[in-house]
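Student: I have the sequence and the model open. Please take me through the features one by one, with the cut-offs behind each term.

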Amino acid sequence: MKDYKAKAVKAVSDVKSYWSTPPKGRFMTFKEIGAYAFGGIGAYFIIQLGSTLIVSTTNIIVSTAIGVSPAHSYIIYLIATILNVPLTAVRANMVDNTRGKGGKYRPYLLSMGIPTAIIALIYVWFPYELMYTMFPGKTLDYENGYWIKLIVVFICNLALHFFFNFFRDAYENLIHVLSPNTQERTDVLAVKAIVYSLAPSIMNFVNPLIAQIAKTDQSNILVYRIAYPIYAVIGIALTIVVYANTQEKIVQAKTHTIQIRFMDALKEVAKNKYFWIISLAGWLGFLELAYLNILYYNQNYGKTASPATYGTAWLIIGNASFWGMIAAPFFVKRFGKKAVLVTVNMMNVFCILLMLINVKSFWWLVFCIWLNYLFSAFEQITTPAIQADIRDYQQYRSGERIDGMFAAVATIGNLVTLATSAVLPAMQEKFGIYEGNGYKKSFDILFVDTGEPGLLWKFLPALIIMCAVGAFLNVVPYFFYDFNEKKQKSVIRVLTVRSLFEDYSNNALDNAQIVEAIELVDNARKMALETPKKLNKLEYKSLNGSARREAKKQYKKDVEFNEEIEISKFVCDELDKFENDLGKHKIEVYTEIKNKGYEFVKSIDLGAVKTEIAQAKALPKDTPEQNEFRKFRISLAKDKRSARKAFDKFYGTVNEFNEPSMDALIALFDKEDELDKQIFELAKNRDKAGAKALTAEKKAVQKEAKALMDEFARFNRAAKPYNDAKKFLTQYENYSHFDEIEALYESAKAQEEARQNENETEEVTE
């Protein structure tokens, strides 16, 4: 009992100590964690509005409350998915090229959240039934009112594809840039998930309660017209809490400027094997989500429970997520994300199949879904954590923090699911669920009292089997995932080293950076030479009592010691990469390119490049070293080809081939930041006229910055081989100055310690 009391006292003390300052080794304050999690309730109200209304083959509000047939829902889904590809590309480019103190994602929490809420309200409040009266008659065998309904649903759905998906990505992906520490991200995701899960739990309870009070069921649009405005107001208010109290932190140089061409980002992400593994899991497991509708079908059409009981059941089910979310960080820390994901996904398959025992029993289905929610809660923590990890890997590979383009490539891949998503509507049609089946709404055929006798109890087992197949397909790709926690730590340390040298070359190093990086490098050099400890679990498992506990502690220390050796070797490989054969070859090739300047691009001969690509592809690839050399030669030759084509397209003999002014672009960014501050102050003081005038000025600045960024994109595309050469040789030059940075260590450490002591004194005084 004393231990629990001591832990509770320590927890309270930690909250006070780290409310405004993060603990050592961590990056988020308790205030920031609280804002991200508590504000997440509001964010998830908005997310639930969008996700329940965006058309899919498993959407029940569009099909039952609004009354769009499954076949037409699929057609809308098909068209919207295709149109969403360019929309996602636009979103991706906006995120990856966002520069400002607001960060990559925070600016879009409000600018995309508010439109999402408005579209959702239009979606449910549009007078669909009135259209049948206002526009009587039929066209192509369907009533005119129904055609208007389809058009409104299509337009609202397409708008949600842009605004809702943008908002959801902004909130969900924000954790990727709030901390580079993978375990901290996992811990915060668990806290966030526990708190934000209140939103769907509230909605699952309130919606059927409103239905009961209104003496109707959840297939009546009235339920959503009453509930959704309340969710929208609360959602926006709490989303503001997230926006106002979080700060993005990306491990890159303070002076690094993002300049990402769309196709370059696309190509880089397409090379990321971990991205394809995670995406494939989602694409293959699309059928699994249909299991969430099974309890609704059982209660609403099977009349197995009252709406209030149904709402209570979802509160009970939601409780399962709570326990899974609490346990997830501990299991991740103990077994790793991959092992946890594989295990819980296999358990999901088992839980879904368990429903087949008694599909007519409302409470049996509740029990099975409760178990599924318990295991799925682990996935809600681990999947976003893995998504964050593979973005770290992407930054390590490409040198740029490419976040938005992941969504773009994922959407292109979603085209694969268009054909497979037709399986569910086809299956529903086999059971007589289609427009014109003789019932007012196509799903009314499932009612046990007024529909086709016994059809519901035949339909549910078929749906359950389909869900189980989807759940199994979901887990298969994870067997090939190997970017473990150790590799992620290695990548973050290398990114830290790179940012150190880039900031040093730009005279932007601070004392904390110098101390952290020098200690990191010195530790890596020392540990890389250590001999790994021999590991044998049997040595402590054969012991008992305190001897076993001590031996187990030592075993864990030895594991960490060996891991540190491997990470240190990875860091040393980065530091020494200019000294191996490939590094020396790159220095030679890039020096030749840089010496020619931008004239190098003009001298590229496309015929010679074609031969160069063929010769590069013919190079041996039997060893890792040969394969890396071959990939470099192929990549360089292709970059030359692309550069020459871009030069001919954008410059040729007409436009002057000069690099745009980076100082001018930075000045525009700074002006935008300053206007944001002024607009915020004017809005706070309710000076609408002043805020409106500055907003117009801000738009003009943004337009000018966009034009200059487009100019940079064109120039960088044409000058890529030269820019890559300059970037590589600059890094080579920077790395050679380590001794100079190391000489600053003692002075920097003394100044940093003095600053920390001063801050601690001020906190005590306050």
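Student: Which helices each supply at least two residues of the negative patch?

Tutor: Helices here are DSSP runs of H or I with at least four residues, strands are runs of E with at least two, and both are numbered from the N terminus. Helix 22 (511-527) and helix 32 (738-742) each supply at least two residues of the negative patch. The patch lies on the surface and gathers E516, E519, D522, E733, D739, E740 and E742. A patch takes residues with over 30% relative accessible area and no salt bridge, joining like charges within 9 Å and nonpolar side chains (Val, Leu, Ile, Met, Phe, Trp, Tyr) within 5 Å. Asp and Glu count as negative, Lys and Arg as positive, while His and the chain ends are not counted. The charge is placed at NZ of Lys, CZ of Arg, CG of Asp or CD of Glu. Accessible areas come from the Shrake-Rupley method with a 1.4 Å probe, and for residues only the protein chains shown count as cover.

Student: What should I know about the source of the coordinates?

Tutor: This is a predicted model, in which local features need pLDDT of at least 70 and side-chain atom pairs count only at pLDDT 80 or more, whereas totals for chains, interfaces and linings use all residues. Residues are numbered from 1 along each chain as its sequence is written, and side-chain values use heavy atoms, with hydrogens and water left out.

Student: How many helices and strands are in the chain?

Tutor: The chain has 33 helices and 2 strands. Of its 766 residues, 49% are buried, where buried means under 20% relative accessible area, exposed means over 50%, and partly exposed lies in between (1.4 Å probe, protein chains only). The chain exposes about 37000 Å², of which carbon and sulfur atoms supply 59%. Among contacts (heavy atoms within 4.5 Å) with a separation of 6 or more, 82% are between residues 24 or more positions apart.

Student: Is helix 13 buried or exposed?

Tutor: Helix 13 (residues 294-301) is largely enclosed by the rest of the structure, because 8 of its 8 residues are buried. They are I294, L295, Y296, Y297, N298, Q299, N300 and Y301. The cover over them includes helix 3 (60-66), helix 14 (307-335), helix 16 (362-398), helix 19 (423-430) and helix 20 (455-475). Just after helix 13, K303 takes a positive phi of about 55°.

Student: Which residues is Y196 in contact with, leaving aside its neighbours within four places in sequence?

Tutor: Y196 lies in helix 8 (residues 182-196) and is buried, with a relative accessible area of 7%. Leaving aside those neighbours, Y196 is in contact with A37, G40, I41, Y44 and Q380. I41 is 155 residues away in sequence, yet the C-alpha atoms of Y196 and I41 are 4.2 Å apart.

Student: Where does the largest share of the nonpolar patch come from?

Tutor: Helix 20 gives the largest share, 4 residues, and helix 15 (337-354) is the other helix named as supplying at least two. The patch is formed by M346, L353, L356, I465, V469, F472, L473, V476, F479 and F480, with about 860 Å² of accessible area together. F472 lies in helix 20 and counts as partly exposed, at 42% relative accessibility.

Student: How many salt bridges are there?

Tutor: Side chains of opposite charge can pair when their charged atoms come close. The rule is a side-chain nitrogen of Lys or Arg within 4 Å of a carboxyl oxygen of Asp or Glu, and the count comes to 23 salt bridges. One of them joins E566 and K486 (2.8 Å, N to O). That pair links distant parts of the chain, with E566 in helix 24 (residues 545-575) and K486 in helix 21 (residues 485-505), 80 residues apart. E566 is partly exposed at 43% relative accessibility, and K486 is partly exposed at 21%.
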